[in-house]
Structure formats: structure tokens, C-alpha cells
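Take a look at the protein shown here. This report goes from its surface to its rings.

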Amino acid sequence: MLVFFNALHGTQWYTAQTALGNCLIIEQIQYVTLDYPRLRSLAREDPELFLQQYPAPLIIDEIQYAPELLPYIKIRIDSHTQQNGLYYLTGSQMFYLMKNVSESLAGRVGILSMYSLSRAEIEGRDSIPFRPDTVKTTASKPDNISDIFEKIYRGGMPRMIVDKRSRLCYYRDNNGKEIDLIILENGRLYPIEIKKSSDPGKHALKNFSILESLSEEVGEGAVICMTPMIIPLDKKNRLIPVSYI
């Protein structure tokens, strides 16, 4: 059997990475990521050799980069029908939307979606499903409006909870120049524009240069849009499909 961790993007991947990290330690499962271009090329061009080089049990991260592996994984699963947990896959794209999957893996895959932390998990208390007659009369410290907005702003992803240096914001100045989203993490700024077209071009980057006047280091930028694939715009910025987030 195959297990697919559906981690949509960034901080959710952190949750999947934590879960898989436990597998690595407890079960001593080999791990490989397709983030590396050479491994990605091998997986795409010669899936059989790739799976010979990295035998099961195996964790394959960022599987969406090489859907060519799936038919070969299916063959191996079918030849070991009594053995579960041969392959653990993670990806930042919805499993059912992955391209080039010519044959269904129904009956051979268990899909685990990684959601954000609940408030109970963040606060380290027991999680009890809400129902009017189960509400405790002795609640913890009541939230004021500032507390509520801070929790909404912070969200429930592990990295955002653990790393207080990670922040999300946007930019707009009195000249009308805007940047849709800026991720501040570890003292570095990552500018992001969001467009509905499939090819917004370099014009979408026109306001990114504003950040160069700030004291923080500027990291890679992105334009999230309807492009079908990741396309470099220049050395530091790329078009990224909206399906990747």
C-alpha cells in the first residue's frame, strides 16, 4: 500500500515533514526529495532506475514533480499486495489534480491531508468537539478583540506558531505602489504578487524593487497565477501555479 501526504504548501509541508520525520526515526525508512534537479530528472526520464536506486520502504517528497513514477510504483505495490507502507509520498499539489496519472491508484493508496493546528493543540489542552451542552463554565483567560485578531493573523500552521519571526503583510505607499503579499521570515522578505492571468510577465514585478531600500534582505519572489508550470522571470523571481499553494 502507498500513503500520500497531501501537504498543500510551505507551512503545511512542515506538518507533513514532522510526521515523516517520525517515520524516518522509528521505522528507519529511506528519504529522497525531488527538489534536487538531478534526482527529479532521473525520476522523470528513467523511473525504473530511480526505484531500483531507492528501494522500498521509501519516502518520496515533492512527488508532483515526477508523476512518471506512479505507474512504476503501482507495479511494485501490486507485486507486494500483503505489505503495507511501501511508499510514502508528499506533495504540494492536490493528488487528484496531478497531471499525467493515466491509471487510478484506487485501492492502493491512503491519503492523509495535513490540516492546521486547532486552538486546543496550540494551547496544549484536550480537544473536545464543540456542543452547547459540553461548554465548560470555567474557561481559561477570556480573549479580547486584539487577542482574537492576533490568533486569526497568526493562523494555525506549526511554523507560524513556533517561529514568531514569521509574519505575513502587504505593502502600499502614498504613491499607490503595492505588493500583494510579503512573507517576513528569519529577517528576510519574500515578495509575492497574485494575478488571474496565465502569463502576467515581468510587469508584475515592477514594485518588488521598493523592498531593496529596506534594511531586511530580500529573498526570492513569486507571481502566483494561472500558469501551468513554474517559469523563471529572472534570477530571483518565478511564476508559480496557483495549484501549488
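## A patch on the surface

Ile-145, Ile-148, Phe-149 and Ile-152 make a nonpolar surface patch of about 430 Å². Patch residues have over 30% relative accessible area and no salt bridge, and nonpolar side chains are joined within 5 Å. A salt bridge is a side-chain nitrogen of Lys or Arg within 4 Å of a carboxyl oxygen of Asp or Glu.

Phe-149 lies in helix 6, residues 145–154. Phe-149 is exposed, with a relative accessible area of 54%. Exposed means over 50%, buried under 20%, and partly exposed in between, with a 1.4 Å probe and protein chains only.

## How the model is read

This is a predicted model: local features need pLDDT of at least 70, side-chain atom pairs count only at pLDDT 80 or more, and totals for chains, interfaces and linings use all residues. Residues are numbered from 1 along each chain as its sequence is written, and side-chain values use heavy atoms, leaving out hydrogens and water.

## The whole chain

The protein chain has 7 helices and 12 strands. These are DSSP runs, numbered from the N terminus: helices are H or I with at least four residues, strands E with at least two. Of the 245 residues in the protein chain, 38% are buried.

## Rings

A search of the whole structure finds 1 aromatic pair. The ring centres of Phe-50 and Tyr-54 are 5.1 Å apart and their planes are at 45°, so the pair is tilted. Rings of Phe, Tyr and Trp (its six-membered ring) pair if their centres lie within 6.5 Å; planes under 30 degrees apart count as stacked, over 60 as edge-to-face and the rest as tilted. Phe-50 and Tyr-54 are both buried.

Notes
Patch = residues over 30% accessible without salt bridge, like charges linked within 9 Å, V, L, I, M, F, W, Y side chains within 5 Å. Areas by Shrake-Rupley, 256 points an atom, 1.4 Å probe, with all protein chains shown as cover.
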